[in-house]
Amino acid sequence: MSNEQPCTSRQAEMAALIRQLAPQQGHTLSLLDGVRFMRADHPLGRTPVLYEPSIVIVCQGHKRGYLADRVYHYDPQHYLVLSVPLPFSTETDASPEDPLLSVSISLDKAVLADLLVEVDQHVSTAPSPPVGIVSTPLDDMLADTTLRLLKTLCCPLEAKLLGPAIVRELYFRVLQGEQGGAIRAALASQGNFDRIARVLRRIHRDYAQPQDVTSLAREAGLSVPAFHVHFRNVAATSPIQYIKSVRLHLARLMMIRDNVTAAAAAVRVGYESASQFNREFKRLFGSSPGKEVREMRSAFSLMEPTQLEITNKQSTHL
C-alpha cells in the first residue's frame, strides 16, 4: 500500500494542528487526559511495541502493525483500534519533510459501557465476532470529529469543557464504523473474549507477581487447553510469551524512564534470574538491554523519557 496518496484539505489541516501541538519527535501529552500525539521525523524499522486499548488516527505518514501473520495499516485513510492491550511490532514511514503525525485516544471503559448499551438498543445487524485489533477505513464523520477534537485541544478552556464530549462522540463514530460490530463485540463484557480480556488486564496489573497458566485459566473459568486456544485467538501468542513480552517491555521503559540498571529492572518486573532476563530481552528486542536503551535514547534524543511507543501509564490502565 502506498503512502503517496494525496491529502485532502481536511487531512492537511489535521496534520498542521498536530505539528503545532507536537513540535518535537515522540509522544506529547495533550491538554486532555488519555489523548496524546505521536510524531516521528525519521523512518523507524520494525520494532516491538506494547499498545494500550486505544484508537490511533494517523493524519500524515504511514505505520504498519504486525501481529502473527497479519499486517495492519494505519495511515490517513485507515485508523487502528485495539480493544485489549497487545504486544506486537510496528514499522513507520516518515521523513523530516513528511513526518508521521498521529493522535492516540485511550479507551475509557466506563464511557464505552454507556455507549454500548445505547448503540446496541438501536442496531439490528447480526453480531460480529470480537477482535482485539482492527484496521478500518477512516470515514468522513470520524475525520470531522477528529478535526474538531484537535482544534479543541489548542485551547485549555475548550479542552476542559468540550473535549470529553468530543471524545465520547469519537467513540460513537468508531462503534458505528465499518467494523464497529466487531469492536462492539470485543468491548462487550461477555463470552470467552471477555474472559481473556480480563486475564490480560490482570497480567498487566500484576506483572511483577508470579503468574502461572493454571491459575490464569482458573480465573477465566476455562480448562487449561481451552484457555490456551482462546488466549491465542485474542492475543496471537501463548500466555507465557505474552507475560514475558509485557514484563520485558515494561523493564525497557523503566531503564529509559527511571535510569535503572538492567538488573534492577529485571527484579522490578518479576525476574529472579538476571541471566534469563538478559537472554529473553535480547531475543525480543534483538540487542542487549544496555545497547537497546542507548539506541532508543539516541533515536529519540529530543523526547522526554515517557514519550516512547510504550508509556508509563501502561502499568496502571492497559
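The dialogue below takes sheets, then helix packing, then single loop residues.

Visitor: What kind of model is this, and how are residues numbered?
Guide: It is a predicted model, where local features need pLDDT of at least 70 and side-chain atom pairs count only at pLDDT 80 or more, while totals for chains, interfaces and linings use all residues. Residues are numbered from 1 along each chain as its sequence is written, and side-chain values use heavy atoms, with hydrogens and water left out.

Visitor: How do I read a sheet?
Guide: Strands of a sheet pair through backbone hydrogen bonds, either parallel or antiparallel. Here, strands (E, at least two residues) and helices (H or I, at least four) are DSSP runs, numbered from the N terminus. Two strands pair if DSSP finds at least two bridges between them.

Visitor: What is the order of the six strands in the open sheet?
Guide: The order is β1-β2-β9-β4-β7-β10, with antiparallel pairing. β1 (26–29) and β10 stand at the edges; each has a single partner strand, so one side of each is left without a neighbour in the sheet. From one strand to the next, the twist averages 25°.

Visitor: How many bridges join β2 to β9?
Guide: Six bridges, in the antiparallel sense, between β2 (residues 35–40) and β9 (residues 100–106).

Visitor: Is β10 mostly covered or uncovered?
Guide: Mostly covered. β10 spans residues 133–137, and four of its five residues are buried. Buried means under 20% relative accessible area, exposed over 50%, and partly exposed in between (1.4 Å probe, protein chains only).

Visitor: What is the strand order in the open sheet of four strands?
Guide: β3-β8-β5-β6, again with antiparallel pairing. The edge strands are β3 (44–51) and β6 (70–74); each has a single partner strand, so one side of each is left without a neighbour in the sheet. Neighbouring strands are turned by 30° against each other on average, direction ignored.

Visitor: Which residue in β8 stands opposite K63?
Guide: T92 does. Five bridges join β5 (residues 62–67) to β8 (residues 86–93), running antiparallel.

Visitor: Which helices lie across the strands?
Guide: Helix α10 (residues 239–257) lies across β3 and β8, at about 105° to β3. Helix α3 (residues 140–152) lies across β2, β4 (54–60), β7 and β9, at about 90° to β9. Axes are lines fitted to C-alpha atoms, for helices over the stretch in contact, and angles run from 0 to 180 degrees between N-to-C directions. Contact means heavy atoms within 4.5 Å.

Visitor: How do I describe two packed helices?
Guide: Two packed helices are described by the angle between their axes and the distance between the axes. Take α3 and α5 (residues 163–175): about 160°, with axes 9 Å apart. They are therefore roughly antiparallel to each other. Angles under 35 degrees count as roughly parallel, over 145 as roughly antiparallel, 65 to 115 as roughly perpendicular and the rest as oblique.

Visitor: Which residues make the contact of α3 with α5?
Guide: Among them are M141, L142 and L149 of α3 and I166, V167 and L170 of α5. By class, the contact residues are seven nonpolar, four polar and three charged. Ala, Val, Leu, Ile, Met, Phe, Trp, Tyr, Cys and Pro count as nonpolar, Asp, Glu, Lys and Arg as charged, and the others, Gly among them, as polar.

Visitor: At what angle do α7 and α8 pack?
Guide: About 130°, with axes 9 Å apart; α7 covers residues 191–205 and α8 residues 213–220. That makes α7 oblique to α8. The contact is made by R195, R198, V199, R202 and I203 of α7 and L216, E219 and A220 of α8. It has four nonpolar, no polar and four charged residues.

Visitor: Which loop holds A68?
Guide: The loop between β5 and β6. A68 has a positive phi of about 55° although it is not a glycine. At 61% relative accessibility, A68 counts as exposed.

Visitor: Where is N259?
Guide: In the loop between α10 and α11 (262–268). N259 is exposed, with a relative accessible area of 58%.

Visitor: Is D33 buried or exposed?
Guide: Exposed, with a relative accessible area of 70%. D33 lies in the loop between β1 and β2. D33 and S106 are 73 residues apart in sequence and 8.7 Å apart in space, C-alpha to C-alpha.
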